[in-house]
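Subject: Structure handover

Hello,

Here is the structure you asked about. Please open it alongside this note. My findings follow below.

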Amino acid sequence: MERTYSLQSHIFNNLAESAYRDINYNNPLHIAHPPNGTSADVNAPKYVNYLDPEALSATGDGDPNSVNILIPQDCGGFNLGSFFMRRSLWTDRLMDIWWDPVFYEQRHMEWEHKEQDALEYIYTNQPWIRPHFAFLPQRTINAFPDKACGDDRHVPEGGCKVLKPGDPVDKTECGIQGIHYQEKERDFLVNMAGCEWGRDCWGEMYNFRQLSNHLNRGRWEKFADSTRDYFKRRKEAKQAKQPQQQQ
């Protein structure tokens, strides 16, 4: 939607602010963190048997440089419609496990969302990958159209920036639980998720493309549009006066 945005300025230059590490902040899948240990003793203290302090921490080591995967979540959990992975040894290992035929091919017929369900399973059951995960608010790179994941809750008049710390955001599209594309906020990217289920995919894509072109007009185009609007309003006002003059 916004072709002039730089990924560096939009996300990467300030990763500590643009992403969150603690899944408890937004947890549609209700994944427990930290995960419990492998002890069969139900009375044993949780997590004591094999997790190190970094795996126990909800934010890993707290260093943005240790993040190797950035994904958004929607109302149903992880969403891989748009995500980022860093080239690293850790990422190579994750990919090896993620696409391992003994693991993935054995289960892919059971998992409705295929590789997405596989990644959720790994995150839930493999504590070693959690310290390298970070989550982006969905509207940062994966906003949905209205009706996908429910109804658009909109943003306050004046935008999310008018909200003060402590103001409730659960009934708006502000904050990390925001889902739907907001024109006023100039969201970066919109995903036609679920458009094949009772919606018009091509119609939605055309409308968003036209909106993007309109929002990103140059100075001359804006001047031409304002001129047309001015003469249109004058014409309408003149036409409204003519019946009164005839009477």
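Which pattern does the protein follow, read along the sequence? The answer is α-α-α-β-β-β-α-α-α-β-α-α-α. The radius of gyration is 24 Å, well over the 18 Å that the globule rule gives for 247 residues, so the protein is more spread out than a compact globule. That radius is taken over C-alpha atoms, and the globule rule is 2.2 Å times the number of residues to the power 0.38. The secondary structure comes to 9 helices and 4 strands. Helices (H or I, at least four residues) and strands (E, at least two) are DSSP runs, numbered from the N terminus.

Before the details, some ground rules. This is a predicted model: local features need pLDDT of at least 70, side-chain atom pairs count only at pLDDT 80 or more, and totals for chains, interfaces and linings use all residues. Residues are numbered from 1 along each chain as its sequence is written, and side-chain values use heavy atoms, with hydrogens and water left out.

Overall figures

The C-alpha trace spans about 95 × 40 × 35 Å along its principal axes. Of the 247 residues, 39% count as buried. Buried means under 20% relative accessible area, exposed means over 50%, and partly exposed is in between (1.4 Å probe, protein chains only). The accessible surface comes to about 15,600 Å². Carbon and sulfur atoms hold 52% of that surface. These areas come from the Shrake-Rupley method with a 1.4 Å probe; for residues, only the protein chains shown count as cover.

Take the contacts with a separation of 6 or more: residues 24 or more positions apart account for 67% of them. Contact means heavy atoms within 4.5 Å.

On charge, there are 29 positive and 35 negative side chains. The centres of the two sets lie 13 Å apart. Lys and Arg count as positive and Asp and Glu as negative; His and the chain ends are not counted. Each charge is placed at NZ of Lys, CZ of Arg, CG of Asp or CD of Glu.

The strands

Start with β1, residues 69-74. Here 6 of the 6 residues are buried, so β1 is largely enclosed by the rest of the structure. Ile69, Ile71 and Gln73 point one way. Leu70, Pro72 and Asp74 point the other way.

Which strand pairs with β1 in the parallel sense? That is β4, over 4 bridges. Two strands pair if DSSP finds at least two bridges between them. Ile69 has Phe133 of β4 as its bridge partner. Strand β4 (residues 133-136) is covered on both faces. Phe133 and Phe135 are buried on one side, Ala134 and Leu136 on the other.

β1 pairs with β2 in the antiparallel sense, over 2 bridges. Asp74 is partnered with Gly77 in β2. A hairpin of 2 residues joins β1 to β2. β1 also pairs with β3 in the antiparallel sense, over 2 bridges. There, Leu70 stands opposite Phe84.

Ser82 is in the loop between β2 (77-78) and β3 (84-85). Its relative accessible area is 15%, so Ser82 is buried. Ser82 and Ile71 are 11 residues apart in sequence and 7.3 Å apart in space, C-alpha to C-alpha. Leaving aside neighbours within four places in sequence, Ser82 is in contact with Pro72, Ile141, Asn142 and Leu189.

Helix α6

What do the buried residues of α6 pack against? They pack against β1, β2, α4 (89-98), α5 (101-107) and β4. The buried set is Gln116, Asp117, Ala118, Leu119, Glu120, Ile122 and Tyr123.

Look at Glu120 in this helix, which runs over residues 115-125. Glu120 counts as buried because its relative accessibility is 10%. Beyond neighbours within four places in sequence, Glu120 is in contact with Leu29, Gly76, Gly77 and Phe78.

Two backbone angles to check

Most residues other than glycine have a negative phi. His30 is not a glycine, yet has a positive phi of about 55°. His30 lies in the loop between α2 (15-18) and α3 (53-56). With a relative accessible area of 70%, His30 is exposed.

Cys149 is not a glycine either, and has a positive phi of about 60°. Cys149 sits in the loop between α7 (138-141) and α8 (201-215). Cys149 is partly exposed, at 27% relative accessible area.

Best wishes
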